[in-house]
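Colleague: I have some labels to check with you. Tell me where each one comes from.

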Amino acid sequence: MSPAPDEDRRWLDAAAAVSARGRPLSAPNPAVGCVIVRGGRVVARGWTQPGGRPHAEAMALAALGGDASGATVYVSLEPCAHASPRGPSCADLLVAARPARVVAGQQDPDPRTAGLGWRGCARPGLPPISSLPACAAALAGFLLRITAGRPHVTLKLALTLDGAIALANGQSRWITGAQARAHCHAERARADAILVGGGTLRADAPRLDVRLPGLEPRSPQRWVLTRGQAPKAGTRWQTLPRPKPSDRHSGCSWKAVRARPPHS
């Protein structure tokens, strides 16, 4: 694969940023971003929709009436090439739209598409570029699920300078400021699920939801790691007795994610 020219890198970074609009609602599919550029201007953009369809490329092409002639299509992940009952492959859509170029920032490791998306819509003499950090980071959960069979885990840990997480008498509520808490909630809104231990659940009764205006619907699934009694019915908690290394996961995680099927 060839290195990305600076101009391509800039637009692929933009596609990766656009993909964030789909996280985590795009599950079970990865959140992908697409930016279509003509004459140095963005003429369309798209991202994976809730439930995984339509894909980012389909959304962006629909905004142009399916005609991308003369334009360059930048997409954060190699266009899918496998057939699905939910819609045509993005590689086929791009061939029909006739763009001047298709540039992707990350090869799809899914064996149903890997390399086939390039061959389906790349022009001769224009090899796929190497993996870009912004695109790889945006797709970290999906890439780990496919290549390593495990979730991408983010650990949230708030500590005082002396290494404590609360007062000894248990009366403290927060040791972080408003900005840190807002950042925490923004990270929650990008996650599939959040996991706490049974002791934390019993002692703190945490809500674990997203409380940023406009992002409340992106609150993650709530899981508790415990061999004890499960939370009461109707509380929307799910119980994990112990980690299961054999489980396969998708998406970007806050502390853990549940098993999901491959994207389609």
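Predicted model: local features only at pLDDT ≥ 70, side-chain atom pairs only at ≥ 80, totals over all residues.

Colleague: How do the residues lining the largest pocket divide into nonpolar, polar and charged?

Modeller: The lining has 15 nonpolar, seven polar and eight charged residues. The lining as a whole counts 30 residues. Lys156, Arg173, Trp174, Asp204 and Pro206 lie nearest the centre of the pocket. Lys156, Arg173 and Asp204 count as charged because Asp, Glu, Lys and Arg make up that class.

Colleague: Why is alanine 205 called exposed?

Modeller: Its relative accessibility is 55%, and exposed means over 50%, so alanine 205 gets that label. Its place is in the loop between α8 and β6 (221–225).

Colleague: Is leucine 208 buried or exposed, and how do you know?

Modeller: Leucine 208 has a relative accessible area of 6%. Buried means under 20%, so leucine 208 is buried. Leucine 208 is also found in the loop between α8 and β6.

Colleague: What makes the phi of alanine 205 worth a remark?

Modeller: Most residues other than glycine have a negative phi. Alanine 205 is not a glycine, yet its phi is positive, about 45°. Leucine 208 has a positive phi as well, near 60°.

Colleague: Which peptide bonds are cis?

Modeller: Among them is the bond that joins arginine 23 and proline 24, with omega about -10°. Another joins alanine 27 and proline 28, with omega about 15°. Most peptide bonds are trans. Proline 24 lies in the loop between α1 (6–19) and β1 (33–38). Proline 28 is found in the loop between α1 and β1 too.

Colleague: What makes glutamate 7 and arginine 10 a salt bridge?

Modeller: Their closest N and O atoms are 3.2 Å apart. The cut-off is within 4 Å, so the pair qualifies. Both residues lie in helix α1, three residues apart, about one turn of the helix.

Colleague: What joins Arg207, Asp209 and Arg211 into one network?

Modeller: Aspartate 209 meets arginine 207 at 3.1 Å, N to O. Aspartate 209 also meets arginine 211, at 2.3 Å. Each distance is within 4 Å, so each pair is a salt bridge. These bridges share partners, and that joins Arg207, Asp209 and Arg211 into one network. The structure holds five salt bridges.

Colleague: Which residues form the nonpolar patch on the surface?

Modeller: Leu155, Leu157, Leu159, Ile165 and Ile175 form it, with about 520 Å² of accessible area together.

Colleague: What makes leucine 155 exposed?

Modeller: Leucine 155 is at 64% relative accessibility, and the label needs over 50%, so leucine 155 counts as exposed. Patch residues need over 30%, so leucine 155 passes that cut-off as well. Leucine 155 lies in the loop between α6 (140–148) and α7.

Terms used
Residues numbered from 1 in each chain as written. Heavy atoms only, no water. 1 Å grid on protein atoms, 1.4 Å probe; cavity = no way out; pocket = protein on both sides within 12 Å on 5 of 7 lines; lining within 4 Å. Helix = DSSP H or I, 4+ residues; strand = E, 2+ residues; numbered from the N terminus. Buried < 20%, exposed > 50% of the residue type's maximum accessible area, 1.4 Å probe, protein only. Patch = residues over 30% accessible without salt bridge, like charges linked within 9 Å, V, L, I, M, F, W, Y side chains within 5 Å. Areas by Shrake-Rupley, 256 points an atom, 1.4 Å probe, with all protein chains shown as cover. Salt bridge = Lys/Arg side-chain N within 4 Å of Asp/Glu carboxyl O.
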